[in-house]
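Dear colleague,

I am passing on the structure below, together with notes on what was found in it. Please read the notes alongside the coordinates.

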2 protein chains.
Amino acid sequence: MARRSEFQQIADLFAPLAASAPGALGLKDDAALLVPPAGQQLVVTVDAILSGVHYLPDDPPDLVARKLVRVNLSDLAAMGATPAGMLLACAFPRDCSDAWVEAFAAGLALDVVEFGCPVIGGDTVATPGPATFSLTALGWAPMGQALLRRGAKAGDLIAVTGTIGDGAVGLWAAQGRLTGLGVPEDACAALAARYHLPQPRLVIGQALRGLASAAMDISDGLVQDLGHVCAASGVCAEIRLEAVPLSAALQVAREHTHIADELVLTGGDDYELLLTIPPENWPEVEARLGPLAPTVIGLCREDDSAAETVRVLDRQGQPMQLAATGWQHF
Amino acid sequence: MARRSEFQQIADLFAPLAASAPGALGLKDDAALLVPPAGQQLVVTVDAILSGVHYLPDDPPDLVARKLVRVNLSDLAAMGATPAGMLLACAFPRDCSDAWVEAFAAGLALDVVEFGCPVIGGDTVATPGPATFSLTALGWAPMGQALLRRGAKAGDLIAVTGTIGDGAVGLWAAQGRLTGLGVPEDACAALAARYHLPQPRLVIGQALRGLASAAMDISDGLVQDLGHVCAASGVCAEIRLEAVPLSAALQVAREHTHIADELVLTGGDDYELLLTIPPENWPEVEARLGPLAPTVIGLCREDDSAAETVRVLDRQGQPMQLAATGWQHF
């Protein structure tokens with residue numbers, strides 16, 4: 001079967017993802033147009049992913065696409081923004097089949113609908129290297145109300161949404177490294193799903209505008225990312241290992257194989273929100289979010305240059321020594 | 001020398017490019033913020049480039065960066081927009097030196113100033129493949145006044161800015177294929193510069209809001225791109241080869257080596273604007289632009305499904321047969 005040409009691929013596979021956005025101009029113009037809602041400011045971010053680095057070459061293409069979308073929407077969630085559209089630059093390997101691209105576009109289509117976030121622009125090229133994608137996500141937040149990494153103060157609660165460590169252990173599951181150890185299949189599947197399909201915490205981020213003093217999403221490991229919030233805000237942090245929320249699947253897996261606390265604290269790919277919240281705002285957080293309220297894991301402290309920026313207390317209340325704090329790309 | 005870490009690279013090389021944009025948050029947050037100017041709509045585009053495909057692996061890194069910027073700003077120019085910021089996703093080869101990245105960032109820095117367009121976000125990853133970059137350019141245009149590809153009507157003049165064909169012949173010059181043929185060095189240098197450093201026609205695009213009926217930038221070849229305008233607008237086009245403006249450098253080069261008319265008509269990389277202009281607006285176009293006024297090369301005609309969409313008349317007034325109309329990536 002002849003492969004689709006560049007223009008045919010756009011018309012067949014990507015233009016339908018733009019159908020709900022008149023300003024996308026059918027992906028047929030030089031640029032897309034977006035009308036700013038009154039009183040809102042633009043929130044914009046970009047992330048790149050690479051086959052063999054950010055996802056496994058054999059990962060299903062629909063999940064690759066959806067993870068790409070969600071990793072970016074997670075950044076919008078961390079700012080408290082509402083998604084408005086995305087632009088996608090794709091470098092497909094020269095031997096990439098039409099079927100792979102079709103499945104990739106089908107994955108995109110699901111998340112375009114799920115998050116109400118149309119594809120409003122893009123570019124596709126052929127590469128002799130690994131598949132490489134970059135996605136730019138655009139959203140809106142009420143003027144002056146976006147959540148930032150700066151803003152945490154000594155005494156603020158440190159909280160996280162969902163559960164931590166599933167991304168890192170989910171990678172093991174996706175790689176088959178939990179197979180044959182007696183870990184139940186449903187736990188493996190749940191962990192792999194957390195690696196493949198993060199859940200951007202858009203609703204929570206939006207609900208916490210005006211309540212959280214700082215926010216970011218946890219992509220490179222809890223301790224490292226908390227260090228970024230501390231550096232931006234000029235505070236230190238102390239968190240308690242036993243307070244860090246773990247999923248049922250991770251707890252089950254841990255009964256069958258060793259999963260180091262360090263992996264939970266420093267593994268990447270969780271895409272949960274890390275929040276600092278002034279204690280006086282906590283009742284309102286619980287009132288707004290109910291069962292979705294984040295879990296408190298520690299406190300911000302005065303910056304004390306004698307101590308490490310992020311201190312983790314183990315189950316005996318002693319500071320842990322962590323060999324590394326998180327993921328760096330190079 | 002130890003290579004810079006990911007975070008050090010951002011702090012040392014890219015954060016300075018964000019200094020003029022408070023909403024970039026020092027490239028230290030999850031996303032960037034932009035405040036929409038009153039009465040303006042957002043114009044946004046993305047383009048990807050790849051070493052060995054869109055530029056030569058030995059091209060100076062500062063020129064690679066600046067071409068990437070300019071190719072995207074050319075899309076904003078084609079919409080009549082004013083640049084506001086850009087986001088850059090970089091996949092650097094693992095063996096890419098700090099010096100290469102520094103020179104790349106230095107090139108960016110020049111164009112950030114030249115076009116008043118700060119880097120407000122980005123992502124960097126390491127790749128085992130060729131260097132791959134994608135740039136998202138953001139701009140603003142008065143609500144409802146952006147120039148689109150649709151809108152050309154039968155009877156409208158077809159015009160181009162600058163000169164055509166220099167990009168394609170400039171690639172030859174950059175590859176050394178004009179060397180030893182007697183082409184004067186200054187002509188070779190001028191042509192290579194046109195390939196390496198396109199000039200986004202921002203001022204012209206902005207001036208033609210309300211005057212041009214359609215616009216796009218010429219990146220994949222004049223005839224193919226004119227076909228896109230025709231398809232979007234539902235018209236046909238007839239242009240005259242002898243009216244297509246050629247640079248002095250290209251005319252000199254042509255005295256020494258064969259440069260086919262087809263190459264001028266279908267070669268890519270010119271990044272001039274292709275415009276359709278109702279004849280009654282032409283005096284105002286000349287009044288606004290003076291010596292920068294585009295050159296009329298033909299006319300839009302009624303869509304006549306019996307004829308080809310774009311007809312090029314040769315110097316004898318006969319329709320030319322073109323083997324291909326322009327560049328496709330795959």
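A salt bridge here is a side-chain nitrogen of Lys or Arg within 4 Å of a carboxyl oxygen of Asp or Glu. Please keep in mind that this is a predicted model, in which local features need pLDDT of at least 70 and side-chain atom pairs count only at pLDDT 80 or more, while totals for chains, interfaces and linings use all residues. Residues are numbered from 1 along each chain as its sequence is written, chains are lettered from A and ligands numbered from 1 in the order in which they are written, and side-chain values use heavy atoms, with hydrogens and water left out.

I begin with the interface. The side chains of Asp29(B) and Arg149(A) form a salt bridge, at 3.8 Å from N to O, and the count between chain B and chain A is four such bridges. The rule for polar contacts (a pair of N or O atoms within 3.5 Å, where within protein one must be able to donate a hydrogen and the other to accept it, and residues adjacent in sequence count only if both atoms are side-chain atoms) finds 16 residue pairs across this interface, both residues being at pLDDT 80 or more. On the side of chain B that touches chain A, the largest share, ten residues, comes from strand β2 (residues 40-50) of chain B; helices (H or I, at least four residues) and strands (E, at least two) are DSSP runs, numbered from the N terminus. The residues on that side of chain B divide into 34 nonpolar, 18 polar and 14 charged, with Ala, Val, Leu, Ile, Met, Phe, Trp, Tyr, Cys and Pro counted as nonpolar, Asp, Glu, Lys and Arg as charged, and the others, Gly among them, as polar.

In terms of contact (heavy atoms within 4.5 Å), 66 residues of chain B meet 66 residues of chain A. The buried area, that is, the accessible area (1.4 Å probe) that two parts lose on being put together, summed over both, is about 5200 Å² between chain B and chain A, with carbon and sulfur atoms giving 64% of it.

Strand pairing, for which DSSP must find at least two bridges between two strands, also crosses between the chains: strand β2 (residues 40-50) of chain A runs antiparallel to strand β1 (residues 32-34) of chain B and is joined to it by three bridges, with Ala32(B) as the bridge partner of Val44(A). Within chain B, strand β10 (residues 295-302) pairs in the antiparallel sense with strand β6 (residues 157-160) over four bridges, where Val296(B) is the partner of Ala159(B). Strand β8 (residues 235-240) of chain B pairs with β10(B) in the antiparallel sense over five bridges, and there Leu299(B) is the partner of Glu238(B).

Turning to chain A, its secondary structure comes to ten helices and eleven strands. The side chains of Arg311(A) and Glu238(A) meet in a salt bridge at 3.8 Å, N to O; because Arg311(A) lies in strand β11 (residues 310-313) of chain A and Glu238(A) in strand β8 (residues 235-240) of chain A, the pair ties together parts that are 73 residues apart in sequence.

Phi is positive, near 60°, at Leu27(B), which is found in the loop between α1 (6-14) and β1 of chain B.  Phi is also positive, near 55°, at Tyr271(B), in the loop between α9 (261-266) and β9 (272-277) of chain B.

With best regards
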